[in-house]
Amino acid sequence: MLIAGLLPESFVDWRGKLVATIFTYGCNMRCPFCHNYALVIQRQDRFLNPEDVLRRIEELREWIDGVCITGGEPTIHPDLPLFIRELSKITKVKLDTNGTNPDILRDSLPYLSYVAMDIKAPPHRYSELSGVQVNMRKIEESISLIRNKARDYEFRTTAVPLLNQEDFEEIASWLSGAKRYVIQQYSTQNGTLNPEFRNLSPHPEPFLREICKKIAHHFGECILANL
Ligand code: SF4
């Protein structure tokens with residue numbers, strides 16, 4: 001595990017919970033709108049020791065509701081399931097993932113209380129919005145695993161201004177029947193991996209509300225976040 005950082009207190013990484021957030025290093029996607037790009041493209045030589053991180057979480061245990069593991073993309077690290085297993089002995093664990101590694105996800109699921117999987121775009125635009133050639137078979141496999149085996153979960157899409165209403169409707173039909181779908185407002189506050197994306201204006205809030213209303217019947221619930 002390459003762990004780049006630990007934030008002892010976060011209110012934004014697991015809806016409704018106070019968590020400690022663990023940031024893993026590296027990602028196999030290059031989403032042009034990525035705002036965690038320091039963990040994706042900037043070289044880093046010093047990492048936290050996983051044993052030390054576990055000890056720190058143990059110290060924080062009584063103050064937090066759980067831990068969120070995010071990145072980067074946590075599932076590129078083969079020892080992730082073991083790390084999650086150890087963490088789950090201390091507190092509840094949520095995993096953020098882009099869904100490209102269903103095997104690692106499968107091994108992690110028994111120890112996870114919550115999974116949030118990014119859905120970058122409808123299938124025909126996936127590679128465009130993730131900046132790499134994506135194996136859609138693996139994405140489909142992760143979606144199916146989460147729908148059928150996760151204790152609790154959400155699928156979520158960042159409302160990149162390049163995505164239009166038809167794209168959201170296509171995503172909704174694709175994921176139809178899922179428990180929870182979250183549309184996250186686009187933000188350039190921390191910069192973006194592709195500097196050109198810093199100049200894009202987010203979709204207006206009423207437009208996102210309208211989309212959410214239109215596609216809500218596909219899901220147990222449809223939520224707007226980061227507005
Ligand atoms: S937004 Fe894309 S590039 Fe950035 S960490 Fe997530 S999957 Fe990787």
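1. Asn199 sits in the loop between β7 and α8 (205-215); helices (H or I, at least four residues) and strands (E, at least two) are DSSP runs, numbered from the N terminus. The model is predicted: local features need pLDDT of at least 70, side-chain atom pairs count only at pLDDT 80 or more, and totals for chains, interfaces and linings use all residues. Residues are numbered from 1 along each chain as its sequence is written.

2. Asn199 counts as exposed because it has 9 C-beta neighbours inside 10 Å. The scale is: buried if 20 or more other C-beta atoms lie within 10 Å of a residue's own, exposed if 12 or fewer, partly exposed in between, with C-beta atoms placed from the backbone. Between the C-alpha atoms of Asn199 and Cys34, which are 165 residues apart along the chain, the separation is 14 Å.

3. Strand β6 (residues 153-158) is largely enclosed by the rest of the structure, because 5 of its 6 residues are buried. Strand β5 (residues 114-118) runs parallel to β6 and is joined to it by 4 bridges, where pairing requires that DSSP finds at least two bridges. Met117 stands opposite Phe155 in β6.

4. Strand β7 (residues 180-184) also pairs with β6 in the parallel sense, over 4 bridges. In this pairing, Thr158 stands opposite Gln184 in β7.
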